[in-house]
Amino acid sequence: MALLSVEHLRICYGDLVAVRDVSFDVEPSDVFVLLGANGAGKTSILRCISGLHPPSAGRVTNGARTLSGLRPHSVARAGIAHVPEGRRIFSTLTVEENLAVSFIRARAGGTLPQARDAVYEIFPRLKERRHQAAGTLSGGEQQMLAIGRALMNAPTLLMLDEPSLGLSPLMTELMFERLGVIRAAGTAILLVEQNAACLEMATRGLIIANGSIVLAGDRQRLHDADFVRAAYFGL
Ligand SMILES: Nc1ncnc2c1ncn2[C@@H]1O[C@H](COP(=O)(O)OP(=O)(O)OP(=O)(O)O)[C@@H](O)[C@H]1O
Ligand SMILES: [Mg+2]
């Protein structure tokens, strides 16, 4: 059974059908990417998995458990963490405080300092900045903090909504490299992006346009597709 299974998902906003018949599985070993342009339906899919928006049809399961219909806190408790678009960190709190407010002892395996140290190991920059107000961090550091907050409760699946948005190519590369480290430490990743550079560290994924799947496959298949080469790499 897959860690996350999305079956025939349909998402509507009133009369607008934003996502139609989207199905995919994420395995524990995956960095699974949902690549698509503005308005493709990527955020809608993540919000639906998180319980923030109900599906109009289809279902989402986590192993033997059905997630569709659960409240967001129950989905989070099942080990699925969501780093939303726009980061949403507490800008007046310090790095350390931001990590502390995210910690839920019942969900995390160990203690608060243990969870924080695990985050600092992945993002040493956050340790250097731990007493600094989050609002004074650079865009890249704020994204690290948003990811660090999600990692505080040792999720089995980390979902990220366009983490590269607004970052320099160098910072984007560093952040993607860190996602590889997080994956290697045992957390599966579901990554939403418009930036095709993410294909470098993906295992598998989907290309989505106007709410529908246009291509599915492993990293190489997505990378080599004429559609992707034309739309994302300008080749
Ligand atoms: N709350 C909402 N009410 C009405 N329509 C919405 C709502 N949220 C999203 N939509 C519409 O659903 C479609 C998919 O939007 P979504 O935000 O999922 O796309 P996206 O792929 O995340 O785009 P972007 O890359 O710009 O973030 C769009 O046409 C959008 O206008
Ligand atoms: Mg979006």
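1. Start in strand E8, where Ile189 is the bridge partner of Leu158. Strands here, like helices, are DSSP runs (E, at least two residues; helices are H or I, at least four), numbered from the N terminus. This is a predicted model: local features need pLDDT of at least 70, side-chain atom pairs count only at pLDDT 80 or more, and totals for chains, interfaces and linings use all residues. Residues are numbered from 1 along each chain as its sequence is written, while chains are lettered from A and ligands numbered from 1 in the order in which they are written.

2. E7 and E8 (residues 188–193) run parallel, joined by five bridges. E7 also runs parallel to E6 (residues 80–83), with four bridges. Two strands pair if DSSP finds at least two bridges between them. Ile80 faces Leu157 of E7.

3. Why is E7 largely enclosed by the rest of the structure? Five of its five residues, 157–161, are buried, so the rest of the structure largely encloses E7. Buried means 20 or more other C-beta atoms within 10 Å of the residue's own, with C-beta atoms placed from the backbone. Leu157, Met159 and Asp161 point one way; Leu158 and Leu160 point the other.

4. E7, helix H7 (residues 169–184) and E8 form a right-handed β-α-β unit. Right-handed means that, with the strands pointing away from the viewer, the path from the first strand over the helix to the second runs clockwise.

5. Now ligand 1. The residues around it include Tyr13, Lys42 and Gln194; a residue counts if its C-beta atom, placed from the backbone, lies within 6 Å. Helix H1 gives the largest share of this shell, three residues.

Notes:
A residue is buried if 20 or more other C-beta atoms lie within 10 Å of its own, exposed if 12 or fewer, and partly exposed in between; C-beta atoms are placed from the backbone.
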